[in-house]
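Subject: Structure handover

Hello,

My notes follow below it.

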Amino acid sequence: MLSKVAARSFSSSASAAYKVAVLGAGGGIGQPLSLLMKLNHKVTDLALYDIRGAPGVAADVSHIPTNSTVKGYNPDQLQEALTGADVIIVPAGVPRKPGMTRDDLFNTNASIVRDLAKAAADYAPKAALLIISNPVNSTVPIVAEVYKSKGVYDPKKLFGVTTLDVLRASRFVSEVAGTNPVNEKVTVVGGHSGITIIPLLSQTNHKDLDAETRDALVHRIQFGGDEVVKAKDGAGSATLSMAQAGARFAGAVLDGLAGEKDVIEPTFVDSPLFKSEGVEFFSSKVTLGVEGVKTVHPLGQLSEYEEELVKTAKETLIGNIKKGVDFVAQNP
Ligand code: NAI
C-alpha cells in the first residue's frame, strides 16, 4: 500500500496546490499576511475575506506575479471563500489598546471567532485552522467546542498561532547575547499571554545567563507585545511582525501537508502533555504532517526556574481554556 505521502505525490494535488483562506484579511495583520501568503509558492488559490475591505486588498495583492489566483470576498460570501480551503488563517477581531491585556479582548473576539468557526466547520471541516485572534488561550478552545458541537472536531487540524513569541525570543536573546538572531532557535511553550509564554532558554546556548539578565529577558519575551501596543499609542498591536509570524507558521503547516519531513514549530494545540492535570491545550514543539499535527513533543529537560514557570502557566491556562469552553456552552 502507498503511504499517504506517496499517495499524495501521485494525486492531482501533487504539485502542492493549496487553497488558503484569510479571515480578517482587511485588517492590520490580515493585509501584510495576505501579501506574504501570495509569495508562498505552495498557495495556488488565495481567498481573502473580511467584513470590510477584502476585495480591495485582493485586487492589490493579485497583481504580484506568483502562480496563484486571489479573490476578495464580502460578508455575504463567506461560504464561497471557505469552500475547498486546505488552510484557514484567522486574524479577525479587535486588537489591544494601551493598558489592555489580551483577555480584555475576550468579549468582542469570542463571538467573532465562534461565528467564523461555525462557518469553517460547515464549509471546510477538513481544513487546518490557524487561530491568530486573541486571546488565543481561549479562542482556540472556542473553535474546538464549536467543531465538537457539529461533530467535525479533528484535534490534529486546530492550531493557536504562537510563532510571534518564538520570533521575539530569537530576536531578544540575540540582543542580550550579541549574536545573529537568524541562528537563535528558542522553543517557547505554554500559551500565548503574559506569564503563560515560557521561552526554554535552558535548552539554548544561553543557559548560563545570570538570574537578573535571564529574568529581564524572559519578562521581555512574555510582555514584548506591550512594547508595540505602547509605541502604536492606541492604533493597535503588532501587525507586521505578526504577519511574518503567521506566514511562517502557515508555511510550515503547508510544508507538513505536502509531506515534507521534519517540519517542527511550537504551537498551541489540543495536547496530551498535561491533560491528566486538566490542561486540555498547551503549546510545545509539534511535528507537522499530512494530517496536520503529527507529533506533539514533550517539553524536554527544564531548569528548576522553568519548571516553576510551567506550573504557574498551567493554572492560568486552565482558567483561560475554561472561559472559552463556558462561552460556547452559554452562547452556542
Ligand atoms: P485589526 O482591527 O487591524 O483587523 C481586524 C480585522 O478583522 C478588521 O479588518 C475587521 O474588519 C476584521 N473583522 C472583524 N470582525 C470580523 C468578522 N466577523 N469576520 C471577518 N473579519 C472580521 O486588528 P489586527 O491588528 O489585525 O489584529 C487582529 C487580531 O489578532 C486581534 O485579536 C489581535 O489581538 C490578534 N493578534 C494576535 C497575535 C498573536 O500572536 N496570535 C499578535 C498580534 C495580534
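Start with the sheet. E4, helix H5 (residues 106-123) and E5 form a β-α-β unit, and its hand is right. Please keep in mind throughout that this is a predicted model.

**Around strand E5**

Strand E4 covers residues 87-90 and pairs with E5 in the parallel sense, over 4 bridges. In that pairing, Ile-88 sits opposite Leu-129 of E5. E5 also pairs with strand E6 (residues 158-160), again in the parallel sense, over 3 bridges. There the bridge partner of Leu-129 is Leu-158 in E6. A right-handed β-α-β unit is made here too, from E5, helix H6 (residues 136-149) and E6.

Which way do the side chains of E5 point? Ala-128 and Leu-130 point one way, Leu-129 and Ile-131 the other. All four are buried.

**Backbone points to check**

The loop between E5 and H6 holds Pro-135. The peptide bond joining Asn-134 to Pro-135 is cis, with omega about -5 degrees.

Two aspartates have positive phi. Asp-233 has a phi of about 50 degrees, although it is not a glycine. Its place is the loop between helix H8 (211-232) and helix H9 (240-257). Is Asp-233 buried or exposed? Asp-233 has 9 C-beta neighbours inside 10 Å, so it counts as exposed; the cut-off for that class is 12 or fewer.

Asp-262 has phi near 55 degrees, also positive and also not in a glycine. Asp-262 is in the loop between H9 and strand E9 (263-270). Asp-262 is exposed because 8 other C-beta atoms lie within 10 Å.

**Domains**

The chain is divided into domain 1 (4-162) and domain 2 (163-323). Their C-alpha centres lie 21 Å apart. The contact takes 45 residues from domain 1 and 47 residues from domain 2.

On the domain 1 side, these elements each supply at least two residues: helix H1 (4-10), strand E1 (18-23), helix H2 (30-38), E4, E5, H6 and E6. H6 gives the largest share of that side, with 6 residues. By class, the domain 1 side divides into 27 nonpolar, 8 polar and 10 charged residues.

**Annotated sites**

Now the record. UniProt, in an unreviewed entry, places the feature "binding site" at Arg-96, Arg-102, Asn-134 and Arg-168. Asn-134 is also the residue joined to Pro-135 by the cis bond.

Arg-96 is in the loop between E4 and H5. Arg-96 has 21 other C-beta atoms within 10 Å, so it is buried; that class needs 20 or more. Leaving aside neighbours within four places in sequence, Arg-96 is in contact with Arg-102, Leu-105, Val-229 and Ser-237. Arg-102 is itself one of the "binding site" positions in the UniProt entry.

Arg-168 lies in helix H7 (residues 163-177). Arg-168 is buried, because 25 other C-beta atoms lie within 10 Å. With neighbours within four places in sequence left aside, the contacts of Arg-168 are Ile-221 and Gly-224.

The unreviewed UniProt entry also places the feature "active site" at His-192. Where is His-192? The loop between strand E7 (188-190) and strand E8 (197-199) holds His-192. His-192 counts as buried because it has 27 C-beta neighbours inside 10 Å. Not counting residues up to four places away in sequence, His-192 touches Val-136, Asn-137, Gly-160, Thr-162, Asp-165, Ile-197 and Phe-268.

Thr-312 lies in helix H10 (residues 304-330). Thr-312 has 13 C-beta neighbours inside 10 Å, so it counts as partly exposed. How far is Thr-312 from Val-290? The two are 22 residues apart in sequence and 34 Å apart in space, C-alpha to C-alpha.

Best wishes

Conventions. Residues numbered from 1 in each chain as written. Predicted model: local features only at pLDDT ≥ 70, side-chain atom pairs only at ≥ 80, totals over all residues. Pairing = 2+ DSSP bridges. Right-handed = clockwise from strand over helix to strand, strands pointing away. Domains from an automatic or database assignment. Contact = placed C-beta atoms within 7 Å. Nonpolar A, V, L, I, M, F, W, Y, C, P; charged D, E, K, R; others polar. UniProt positions renumbered as here; feature names shortened; annotations may be inferred.
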